[in-house]
Amino acid sequence: MLRLEGLSKRFGGVVATDGVSLEVAQGEVHALIGPNGAGKTTLIGQISGSLPPDSGSIFFLERDITRASLHERVRTGLARSYQITSIFRRFSVLDNLALAVQARSGSSFSFWRPVAEEKDLFEQACSILEEIGLSEKKDQTASTLAHGEQRALEVGLALATRPRLVLLDEPMAGMGPEESRRMIALIERIRSSVTVLLVEHDMDAVFRLADRISVLVAGRIVATERPEQIRSNEEVRRAYLGDEMQGDEVAA
Amino acid sequence: MRRSILLLVVLSIFPLAMQAADNLFYVSFASRVMIYAIAATSLNLALGYGGMISFGHAAFVGTGAYVGAICIAEGVTSAWIAWPAATAAAALAAWLIGAVSLRTRGVYFIMITLAFAQMMFYLVNSMKAYGGDEGLTLPQRASDLGNEVVFYYVVLAFLLGSIYCLKRLTESRFGRVIVAIRENEARAEAIGLPVFRYQLACFVIAGAVAGLAGALLASHGKYVNPNVLHWSQSGTLMIMVILGGVGRLWGGALGAAVLLGLEHLIADYPLAWLEALAPNYQQHAGLGVGAVLLAIVLFAPQGIAGLLAGKKNAAA
């Protein structure tokens, strides 16, 4: 569904991604892990379209999207969430999602008709609200939500664009155990309808959710395998997981 | 709502009352205030709702003023032609300037819009055929709207029309997108909105309305000179928006009324005690205006519109 071929990006003398090739298959939850500084954020930026790669190609649904802009990629069904929460803080929770629904349903060069009359927009936004478990907070200003709820809204914004593939950039960042559990449950709920590329440091979540795991070390993919194979992969163990792999409950 | 109706009634009766009192000066003055209110409202769309801090809005007012004036000077005196031509020319200018400027952000955007406006200022200064730096005096207003009361109602209709359009626009899909881009541009792009296109459209609409205000201004005074494009005019419009309320429906109009009203009061109604304290203070109206602006920024960041609305709703 998503295929990366030899993606490279340099920042001055620093090689952030070094010929990354990767395939995400339709319907899977594909996790991308790697130590800090491995180039995960750069890679996500290149896939989503905010960072142009120096070389290499990106194919999504068999189309070359290497040069497509961020918003064009969203229109083809490739949406993302951010590691650092990026929501419309002064909008209500419902308005946040209604805007994302609006963005994918028809043109917004409509200057006269009030949005409030578009029942359909808000109905669809409400169904996303239900999915992310924020129905009761719909009229609250987004900035007043608790951290975990803001993270859920962050993912909701990506889902509201009705993506075929969603990039989740550390959805559990800064979450407590209870909030993490809810996020895992949310990803479990959406995995039947959308392909997920998950970047996450919470190994517990990664091993629970992922169908396949790719390990990025120093800008290169060193392995792409099933979770149980990753656990026993010598190279991965040496390069990244080290001693942490001894126990099952591994937190990065 | 009740306040709006009251305001409407007062504005409608005002010229008739003034005419009865044989004081047409204030009818003409009110027209001027309302023209500036239209210009400031248009800036508020770009600056307040769109978050585009344009420091070159006078370029569009000036384009409209000059195109409107040149039409009349060349014998095309119908307002039905001169004013739409002025509006279209300003829209075109905004499109060209916006297409370049909107590729920059922050301080660079402020500076590049200023630079474009200054370029146009010097351009009209050198247009010898149309008066150069001395300006262009017109034989008449567009469509012979010489009657102050009639002209007042025309301007009032345009002002109310533009505020109503702004209200519709901000509640529309387009308006939500514009405000969303102001709030979080990166996120707007990441939910699939082509940010540049929406910002440019907003900038062009604001420029077009500013151009209409410029054409009205030229007709009102039967005169234009390059100073309508001077950077200090852009600053004045910005002060009006900040005074009145950034991103508030009535912000531009209130700011224009208060600023021009204040200037008029300081200049025309000498205060003996202040004169004793500071002779010639009337030549420095900017000082008083500055003090008011300072007070607003410090104590009422939502502007006068925010004060009037109370604390019940933050900027949409």
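**Group meeting: a two-chain predicted model**

In strand β4(A), F60(A) is the bridge partner of L2(A). Strands here, like helices, are DSSP runs numbered from the N terminus: at least two residues of E for a strand, at least four of H or I for a helix.

Before going on, a word on the source. This is a predicted model, in which local features need pLDDT of at least 70 and side-chain atom pairs count only at pLDDT 80 or more, while totals for chains, interfaces and linings use all residues. Residues are numbered from 1 along each chain as its sequence is written, and chains are lettered from A in the order in which they are written.

Back to chain A. Strand β1 (residues 2-11) and strand β4 (residues 55-60) of chain A run antiparallel and are joined by five bridges. Pairing requires at least two bridges found by DSSP. The open sheet of chain A has four strands, in the order β2-β1-β4-β5, with antiparallel pairing. At its edges stand β2 (14-24) and β5 (63-64) of chain A, each with a single partner strand, so one side of each has no neighbour in the sheet. Helix α1 (residues 40-48) of chain A lies across β1, β2 and β4 of chain A, at about 60° to β2(A).

Now chain B. It has 14 helices and two strands. Its radius of gyration is 19 Å, close to the 20 Å from the globule rule for 316 residues, so chain B is as compact as a globular protein of that length. That radius is taken over C-alpha atoms, and the rule is 2.2 Å times the number of residues to the power 0.38. Of the 316 residues in chain B, 49% are buried, meaning that 20 or more other C-beta atoms, placed from the backbone, lie within 10 Å of the residue's own.

How do α2(B) and α9(B) run relative to each other? The axes of helix α2 (residues 24-49) and helix α9 (residues 195-221) of chain B come within 8 Å and cross at roughly 170°. Axes are lines fitted to C-alpha atoms over the stretch in contact, with angles from 0 to 180 degrees between N-to-C directions. The two helices α2(B) and α9(B) are therefore roughly antiparallel, the term for angles over 145 degrees.

Last, the interface. The contact takes 27 residues from chain A and 20 residues from chain B, where contact means backbone-placed C-beta atoms within 7 Å. On the chain A side, α2 (70-75) and α3 (93-104) each supply at least two residues. The largest share, five residues, comes from α3(A).

Technical notes: Two residues are in contact if their C-beta atoms, placed from the backbone, lie within 7 Å. A residue is buried if 20 or more other C-beta atoms lie within 10 Å of its own, exposed if 12 or fewer, and partly exposed in between; C-beta atoms are placed from the backbone. Angles under 35 degrees count as roughly parallel, over 145 as roughly antiparallel, 65 to 115 as roughly perpendicular and the rest as oblique.
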